[in-house]
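Take a moment to turn the model around on your screen before reading on.

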Amino acid sequence: MAERSFAKEVEDLKLGDGDIFRGEGILAITKALLQSGISYVGGYQGSPISHLMDVLADANDLLEDLGVNYQASASEATAGAMLSASVMYPLRGAVAWKSTVGTNVASDALANLASGGVTGGAMVIVGEDYGEGSSIMQERTHAFAMKSQMWLLDPRPEQECMVNLIEKGFELSEASNTPVLLQVRVRSCHMHGSFVCKDNKRPEFTLKDALNTPRRDLSRIVLPPAAYVQEQEKIKQRFPAAIDFIKTHRLNEFFGDKAGSKTGIIVQGGLYNSTIRALQFLGLSDAYGNTQVPLYVMNVAYPTIDSEVAEFCDGLDHVLVVEEGQPEFIEQSISTVTARRKTPVTVHGKDYLPMGGDYTAAVLMGGIERFLEDHDPVQLGNRPPLPDPVPILTQPAVEKLKDVVPSRPPGLCTGCPERPIFAAMKLVHEELGEHHVSADIGCHLFSILPPFDLGTTTMGYGLGAASASAFNVKGAKRSIAIMGDGGFWHNGLTSGIGNAVFNKHDGVFLIIDNYYSSATGGQDILSSRAFNKRRKTNNSIVTAVKGIGVTWVRQIDRTYDVNQMRDVLREALTTDAEGPKVIVASSECMLNKQRRVKPQIRKAIQSGARTVTQRFGVDEDVCTGDHACIRLSGCPSLSVKELDDPLRDDPVAAIDNTCVACGNCGEVADAAVLCPSFYRADVVNNPTGWDRFRSRVTMGAIGFLQKRRERAAVSFDA
Amino acid sequence: MKSDTVKLNLEAVGPATERPISVAIVAMGGQGGGVLTNWIVDLAETQGWVAQSTSVPGVAQRTGATIYYVEMMPHDPEGRAPILAQMPTPGDVDVVIASEFMEAGRSILRGIVTPDRTTLIASDHRALAVTEKMAPGEGIADSGAVFDAIGVTAQQEFIFDMNDLATRNGSVISSAMFGALAASGTLPFPRDAFYEVIRKGGKGVEASIRTFDAAFDRAVNGPAAETLAPATEDAETVTVPTQVRSRKANRLLQQLLKEQPAEVQEIAFLGLKKVVDFQDAAYGREYLDLLRDLQARDAAAGGTARGWLFTREAAKYLANAMAYDDIMRVADAKTRQARRQRIEQDLGLKGDQTLQTTEFMHPRMEELTSILPARLAAAIIARPRLYAWLDRRFNKGRRVKTYSLSGFVVLYALAGYRRMRRLSLRHRDEIAHRGAWLDQATEALDRDYDLGVEVLRFRRLIKGYSDTHDRGKSKFDKVMATARRLTGREDAAQWARILLTSAVKDSSHQSLDETIQTVETFV
């Protein structure tokens with residue numbers, strides 16, 4: 001069960017010819033796939049592609065009706081390899097993942113696929129996680145497209161254009177026997193927009209047809225001598241075929257009137273909107289894209305179409321290439337084209353625009369303005385005032401604010417079961433000293449931030465264990481490697497644990513099992529505990545680990561037991577046992593648990609059933625305002641509050657009503673011997689007669705004792 | 001410059017007015033920014049406008065700072081589709097909506113709030129960042145700085161606690177922000193259109209509309225009259241009575257009124273109540289006697305001219321020193337009637353719901369021995385093997401059900417054991433510690449009034465239980481030792497203040513040690 005349900009939105013996927021679709025970009029992409037007649041679809045979750053996987057999961061009935069096989073792939077490599085169905089058969093298929101990380105994982109499969117070539121249209125939707133909001137290293141997918149020769153589509157961020165490019169992309173793939181990459185940036189995935197629909201298409205040739213009449217062709221298999229022939233085929237047949245298709249179907253676009261212009265702009269499709277806004281600020285375009293500077297919009301970012309570039313540059317003195325990220329592949333290829341053809345135009349790009357970082361409208365405005373100032377100042381005319389925050393940002397009151405506003409990086413949610421694990425690790429570090437900690441990708445990576453400050457490196461999804469492999473040294477402090485359940489099944493079982501068994505690694509391997517692939521939105525994985533009618537869940541991590549040869553395994557079923565967590569960690573770090581020490585720490589992701597449990601509790605209370613609800617609290621008279629508890633927690637619901645007491649200086653800890661009573665506060669206070677300020681409050685809703693009677697009797701006795709003591713106290717009441 | 005030489009009679013392509021209305025929503029992940037964004041898009045579309053929204057969720061959704069962005073334009077009569085931007089451009093945003101006050105500050109730092117065009121709608125409540133909460137003392141960012149910056153950046157602003165308003169009306173902050181947006185007049189849509197959008201949502205409609213209306217009114221009319229009175233002043237003004245009913249208490253009160261100057265009476269009254277509450281009337285007497293002596297030293301050091309600053313600080317910190325945190329105090333706090341009432345109120349207990357609380361206690365052997373009579377405690381400590389044996393049996397986490405008879409009686413008895421407190425090892429240690437501290441403060445006072453005051457304030461470092469208490473004490477010792485070496489310098493008080501600040505903000509001793517190293521370079 002994913003974090004977000006798209007059950008309602010999935011209805012929009014059934015829209016037919018002429019209907020208007022309104023919604024998120026990722027849904028528009030899904031709809032485009034269905035309109036293209038795909039036979040199979042798969043992928044691996046990760047922002048900004050997670051919602052695509054969630055939509056597909058929620059749309060399973062619809063997909064089945066259309067004869068589409070949807071696979072929740074084990075990894076991007078699995079998804080990439082799945083495209084091999086399109087090698088021999090006229091089957092259209094699509095897979096999706098977060099890039100460049102997912103493309104890294106899949107690149108082996110993609111390189112083989114691209115070499116042999118495809119018969120049916122094969123498309124990879126990559127969520128280009130670059131710029132603000134990105135969670136990964138800043139790289140471009142472009143390089144993969146070039147090295148394996150796959151066409152890279154980069155549509156204008158407009159749903160009509162995106163949908164069209166997907167449909168045309170399958171045709172292009174088939175016309176040139178080449179897999180196609182379609183890249184969408186984070187904001188375009190989450191962009192609300194609209195387009196006019198077509199009917200969904202059932203595949204003409206089905207998977208069943210393929211299986212019942214299998215085909216093989218040795219020349220499609222990557223093995224010498226076929227591999228050498230395939231390279232020649234790429235150059236001599238597939239490349240020209242693609243160029244031809246792209247030109248004929250006008251996938252790239254020309255805007256503005258070139259007559260009289262000395263300058264022009266060549267822009268990747270995805271950056272079109274920001275470029276138009278920059279031109280609008282400069283007074284060179286209106287809100288509808290009527291630009292005075294001619295534009296060549298490359299909705300196909302690779303390959304470069306020589307003749308189109310030449311046509312655009314003809315008569316221009318200077319062109320500016322607007323291309324986000326580095327290296328400047330497009331600028332280089334445009335330069336090559338114009339140099340070979342001896343076109344009398346100077347190519348600019350990264351000399352006016354920054355080498356790295358987001359190309360926001362403000363950045364583009366600055367670059368284009370300087371470009372035009374140098375090469376065509378007449379264009380700029382009487383300049384309208386440009387948006388400029390600098391005079392405001394340099395005001396003393398704003399300057400001062402820089403030191404005031406605290407950073408707010410993402411962190412573990414309220415009640416997260418991973419929090420007590422890191423609290424326990426902090427406590428063990430206090431006892432045994434600091435250890436080297438290899439971190440992994442997932443929510444648990446937030447351990448690197450305050451208040452835990454644990455973890456030294458992160459080398460990729462599922463590679464936490466593998467990245468500790470050098471640290472197999474007898475007699476030294478043991479290394480600790482962390483890995484989530486998602487990363488474990490993605491590849492960590494073999495790359496990390498299997499590797500450690502085989503090499504007799506002496507380190508500690510901590511697998512955090514929260515029943516979902518949580519960081520990506522709570523998708524089910526092999527070890528998920530929930531029943532899923534389409535997938536086989538409930539496959540134990542412990543069994544898998546034992547199966548691969550680990551002999552020292554400890555399973556913790558309630559991570560909130562900080563004492564036990566600490567003891568097991570201590571044992572793992574100090575035991576004489578040889579080989580990898582594997583700890584599987586399991587508790588359900590609280591975000592997902594609350595989504596599951598909250599409605600049940602509400603219903604139970606409404607129906608009059610006896611229901612206990614819990615929350616934690618802090619006795620403000622007992623708390624001394626040291627905040628040691630927060631330094632071992634960082635829970636969003638555990639905050640501080642100022643008291644109205646003039647005798648006290650420091651704010652005390654306080655728990656707000658978003659507390660989910662996970663128990664961490666109390667357990668940590670106990671395990672770390674902090675203070676007795678925390679209490680858990682249990683409220684019995686719809687109490688039974690016995691509950692009420694017992695409470696009345698107890699509270700009566702307690703009230704008597706309380707009054708007795710109050711009478712004895714010295715009171716300063718007037 | 002070229003721009004100066006080129007002045008041509010060229011017009012911009014389109015009319016300048018034909019720009020989209022841009023709205024940026026700055027929020028923390030999972031705080032309702034997405035709901036508000038969808039409402040705004042829906043609002044524009046139902047009014048026949050073209051709207052586009054974008055966001056960058058991903059990991060930012062996990063409680064981090066994030067931003068949503070909406071642009072909208074009226075439908076073009078010629079049917080052309082506008083090209084809308086996917087992110088806000090600094091200096092070009094019409095409306096910024098902030099769901100938390102430091103996020104409002106962050107939006108100002110992003111440059112998206114500018115005086116020529118931006119309406120800022122912000123809730124001034126705080127959700128504290130981890131770094132603010134982590135400090136072992138006061139570490140909360142200064143909201144005043146955000147108010148100052150808003151003053152010079154926003155074209156118009158609507159600032160109030162939308163979170164509180166929403167909670168009071170049984171809804172969430174997005175409804176309140178939507179109401180404030182409607183009231184701001186920045187979107188050319190009628191109020192009914194906003195209602196329509198909320199109603200379409202289907203969930204919690206009534207509460208949402210109630211919140212929307214309340215926020216609308218609050219944005220238009222300003223704060224209601226009764227909330228205008230500064231509430232904080234009420235809380236901090238303490239009226240000292242001239243007479244109280246209880247004879248024991250009255251005797252103490254009269255002593256206080258007689259011995260202490262008017263400026264000191266308020267804080268000393270609070271201090272007196274605290275120590276009497278901690279122990280008994282005799283203990284209050286002890287407090288007043290100590291304070292009287294300190295006030296005499298203050299007078300000798302010229303305290304009159306300083307408004308008795310030294311005595312006032314002494315009244316505060318002496319009370320804190322005397323009412324130290326031991327097992328009896330904790331047990332007492334947990335068994336009071338007011339405590340249960342506060343929890344019931346916090347939880348909003350209603351109807352026939354019943355309440356039980358569980359305490360998480362982990363007293364160590366150290367705490368147990370410290371409350372024993374000093375000689376007995378010393379005898380146990382002198383026998384390490386016995387001590388270790390007892391420790392193994394005693395030192396463990398204990399979960400106590402407060403409102404069960406068995407749990408309550410134990411706590412109640414422990415609270416009653418305070419009658420024996422004066423005999424305890426802890427009490428003896430506390431008196432010695434307190435004495436040394438007061439001695440150093442008064443010695444400093446004679447030579448340097450301000451340094452004397454600062455030494456009193458060092459008391460703030462002693463807090464917590466168990467290890468935390470030990471850590472606080474070691475910080476206190478370091479600061480005291482360094483201060484002693486500062487005596488005689490002109491800037492001694494200033495450095496003492498810096499020492500205290502770095503000790504308060506620092507849990508690892510790192511910045512404190514650095515400050516001490518700096519001090520050591522010149523003393």
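This is a predicted model: local features need pLDDT of at least 70, side-chain atom pairs count only at pLDDT 80 or more; totals for chains, interfaces and linings use all residues.

Strand β13 (residues 318-322) of chain A runs parallel to β14(A), and the two are joined over 3 bridges. Within this pair, V319(A) is found opposite V347(A) of β14(A).

Now step back to chain A as a whole. It holds 27 helices and 24 strands, and its C-alpha atoms fill a box of roughly 100 × 70 × 60 Å along the principal axes. Of the 718 residues in chain A, 55% are buried. Sequence distance tells another part of the story: if you take the contacts in chain A between residues at least 6 apart in sequence, 78% of them join residues at least 24 apart.

How is chain A divided into domains? The domain assignment lists domain 1 (7-248), domain 2 (254-390), domain 3 (419-592) and domain 4 (610-686). Take domain 1 and domain 3 of chain A as a pair: their C-alpha centres are 34 Å apart. Where they touch, domain 1 of chain A supplies 11 residues and domain 3 of chain A supplies 10 residues. On the domain 1 side, the largest share, 3 residues, belongs to helix α3 (residues 50-58) of chain A. That side of domain 1 of chain A comprises 4 nonpolar, 6 polar and 1 charged residues.

Among the buried residues of α26(A) are N664(A), E667(A) and D670(A), along with V668(A) and A671(A). Just after α26(A) comes V673(A), whose phi is positive, at about 50 degrees.

Strand β24 (residues 678-685) of chain A pairs with β7(B) in the antiparallel sense, over 6 bridges. In this pairing across the two chains, A681(A) lies opposite T357(B) of β7(B).

What does the contact between the chains draw on as a whole? It takes 129 residues from chain B and 112 residues from chain A. Strand β7 (residues 354-361) of chain B gives the largest share of the chain B side that touches chain A, with 8 residues. Sorted by class, the side of chain B that touches chain A has 59 nonpolar, 38 polar and 32 charged residues.

Finally, stay with chain B for a note from a record. An unreviewed UniProt entry carries the annotation "domain: DUF6537" for residues 264-481 of chain B. Over this stretch, residues 264-481 of chain B, the chain is 71% helix and 6% strand, and the C-alpha atoms at its ends are 29 Å apart.

Methods: Residues are numbered from 1 along each chain as its sequence is written. Chains are lettered from A and ligands numbered from 1 in the order in which they are written. UniProt positions are given in the numbering used here, feature names are shortened, and annotations may be inferred rather than shown by experiment. Helices (H or I, at least four residues) and strands (E, at least two) are DSSP runs, numbered from the N terminus. Two residues are in contact if their C-beta atoms, placed from the backbone, lie within 7 Å. Ala, Val, Leu, Ile, Met, Phe, Trp, Tyr, Cys and Pro count as nonpolar, Asp, Glu, Lys and Arg as charged, and the others, Gly among them, as polar. Two strands pair if DSSP finds at least two bridges between them. Domain bounds come from an automatic or database domain assignment. A residue is buried if 20 or more other C-beta atoms lie within 10 Å of its own, exposed if 12 or fewer, and partly exposed in between; C-beta atoms are placed from the backbone.
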